Amino acid sequence: MTAVLLPERTTRFPFPFAADSYRYSTNVEPARRVAATEAGTWGAGVLDVDGEYATELALRREVLAADPTRCQQLPHMRVAAWDALTTLLPELAATLPGVTALRVRGDRWSWRNDLTATSTSFTVGDDDSLPGGPLALLGSQIQEDVVLLDQREGSLWADAGLVTFAADWSMGFDVGMRFLEVHGPVPRVHEAGVVQRAEQFLMRLQPGQEYRRTNWTMTVDRRLDTSTETYPVWARDRRLVVDDPALPDRLHLRVEVQHLIRLGVSNAVCFLIRTYLLSLRELAAVPAWRRRLGVVLAELPEDVAEYKGLSRFRGAAVDWLRAAD
Amino acid sequence: MTAVLPAPAATGAGEQARLVLEVSAVADAAPGIRTLTLRRPGGGLLPGHPPGSHLVLDCGGRRNAYSLTGDGMPAAEYRISVLLCPDGAGGSAAVHRWRAGDRVTATGPRSAFAPVSTARHAVLVAGGIGITPLLSHARAAVRWGRSFELLYGHRPGAGAHLAELHALCGDRLGVHEDTAELLARIGSVLADRPLGTHVHVCGPAPLIAFVEDTAGALGWPADRVHAERFSAADLDPGEPFVARLARSGLRVPVPAGTSLLAALEAAGVAVPSMCRQGVCGECRLPVTAGRPLHRDLYLAEPERAAGDAVMACVSRCADDELELDL
Ligand code: HEM
Ligand code: FES
């Protein structure tokens, strides 16, 4: 038993490692099951609102204002975008009772959110009734990034999305690609059949089915916007952090909880990406996490470490994590 | 459109929830065709679905799939139209006996006949009771402003939903009581619709074959031609077998419709699992005797052939006993 009171960021952190070594797999499981960690729990709902809500939504607004290409929608994704909004607003209303209000009269919807000072009405399916469109409204209300995949010709296609917190990829670059192409740069997964299996699984999801998985990397500072577009801004920190005495405070484990939901009306797959950051120092407050991350990082194959962008600092991170043993 | 599926399959974790529904209205849509309205007993919205989806209803010991005829938006009611099959084999007789107030159980909605979002135009072709999924397509196309036309052939006097269809489609509807006339019309439509048109057909097998053959002969790519064929989207419940645990000597019966994983868990044997869908690889168990019946997406071909491992969440046994190294 630890008597230390851990902060919310730690108790709700989805620590992703179940073993001392990490390999890619088709790691999907049913959504909405509370997962227990050494420090707390996560995963009760499909959407997660936490203490970073206001900060992250403000950041998303800034990123979008500076670069509108983070929001993409091919013309045939109109129904899917409405479907995502009308599926997830009720979900958010249930997640934030008291501070939100949703009223539905047929196709006429009214939405109020006191936390974001939003008050709006629109007619489902009528694009003129919602300036900016359904995806933009959705993105202004939830911390998750969203990708919508169309299913046709035996494949899934990443044909729409609002992604401001990408871990070294670009929605603007990936829009219109097939699922397998999107995963083109990832090492090992094609030979191992991981993405092929994932696509088969996703294409068989029936209306309303919800699954989730985790993915992880590491990021210098609490920087959520590590898109390909801003690479020049953040990439060099991965080298500079190595000799920085503040490394344990600057280097963060970055975990994505990804939800995979078959939208009913449009038949699109809705992919939600919720990003969590925890510094090595915060993480080390949980001794089991500190030990496990050290072992996993040390053991990680070089091609995977290189792809994730960890190569420069992983030695230094492992040294710090192990120093406490 | 109706199809008979295998008997109940086990619902595993992450499966669609079962729906308990109440018959709220019964009406005759045409001679021998009964339209049922279903709602939640306590009221409330039912899940939305892509046009062309079906509901799998438990009817008198069978599970039948019936197309939902609505536009797919979440709504308080589902509607199905069921043709009474005179031989009574398909459970339609049971459905025709249902009255307002009866409770029924169902799974779904399940989608296997959805429209194609990139289509420039859709030609919908229905024969007889095959109108039901295409009524759903037409409604959704009207709602979302998609270009379509509907060709509907039925026996004289046996057309269902005609008034609704006329009101909904206007001059986009062509109704034919004469088969030769219907086929001629299909032929001429398929011959001159723009590139990027998709055709969706539901009805008797010869009609489906005619549409496929005609489209093929006119050079339509196969992926522009969609036929409603109820595939057993659910996993077959499989034959019962016994799992023998070589180390502990335990014998665990695995009934039809229960997965090996669920049976082992119920017997107190802990097996790691994650997806319970045969994709993640967590529940792999070593096999020492008996032939595994592989139904997963995880094992590679040589591993399947070797027969020394089984994915407990979906796979079964081709013999009466499967011996596991547990
Ligand atoms: C079961 C479903 C999925 C599995 C198993 C899976 C697996 C993976 C894996 C292993 C990686 C490498 C991650 C890393 O090391 O940091 C990856 C990256 C990625 N995934 Fe997925 N993924 C899934 C679903 C999706 C979906 C639905 C999308 C939506 C478009 C998506 C988009 C991406 C992107 C954009 C990347 C980064 C690729 C790059 O480097 O450009 N994934 N995925
Ligand atoms: S639990 Fe995932 S393959 Fe069986």
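In which strand of chain B does B:Pro109 lie? The answer is given in point 5, after some remarks on the model as a whole.

1. This is a predicted model, in which local features need pLDDT of at least 70 and side-chain atom pairs count only at pLDDT 80 or more, while totals for chains, interfaces and linings use all residues; side-chain values use heavy atoms, with hydrogens and water left out. Residues are numbered from 1 along each chain as its sequence is written, and chains are lettered from A, with ligands numbered from 1, in the order in which they are written.

2. Chain B contains seven helices and 19 strands, these being DSSP runs numbered from the N terminus (helices H or I of at least four residues, strands E of at least two). Its C-alpha atoms fill a box of roughly 70 × 50 × 35 Å along the principal axes. The domain assignment, whose bounds come from an automatic or database source, gives domain 1 (18–110), domain 2 (121–230) and domain 3 (234–324), and the C-alpha centres of domain 1 and domain 3 of chain B are 35 Å apart.

3. Of the 326 residues of chain B, 50% count as buried, a term that means under 20% relative accessible area, with exposed meaning over 50% and partly exposed in between (1.4 Å probe, protein chains only). Among its contacts (heavy atoms within 4.5 Å) between residues at least 6 apart in sequence, 67% join residues at least 24 apart.

4. In chain A, strand β9 (residues 155–162) is largely enclosed by the rest of the structure, because eight of its eight residues are buried. Strands are said to pair if DSSP finds at least two bridges between them. By that criterion β9(A) runs antiparallel to strand β4 (residues 71–73), with three bridges, and to strand β8 (residues 145–152), with seven bridges; it also pairs in the antiparallel sense with strand β10 (residues 177–178) over two bridges. The partners in β9(A) include A:Ala160 for A:Gln73 and A:Leu162 for A:Val146, while A:Ala158 stands opposite A:Met177 in β10(A).

5. To return to the opening question, B:Pro109 lies in strand β7 (residues 103–110) of chain B. Most peptide bonds are trans, and most residues other than glycine have a negative phi.

6. Two residues of chain A deserve a look for their phi values. A:Glu153, which is not a glycine, has a positive phi of about 50° and is found in the loop between β8 and β9 of chain A, strands that form a hairpin with two residues between them; at 46% relative accessibility A:Glu153 counts as partly exposed. A:Arg188, likewise a residue other than glycine, has a positive phi near 70°; its place is in the loop between α6 (179–182) and α7 (194–203) of chain A, and with a relative accessible area of 34% A:Arg188 is partly exposed.

7. Strand β14 (residues 251–254) of chain B has a covered face, made up of B:Val252 and B:Val254, and an uncovered one, made up of B:Arg251 and B:Pro253. In a regular strand the side chains alternate between the two faces of the sheet. Strand β13 (residues 241–245) of chain B pairs with β14(B) in the antiparallel sense over four bridges, and B:Ala243 has B:Val252 as its bridge partner. In the hairpin of these two strands, with five residues between them, B:Gly249 takes a positive phi near 75°.
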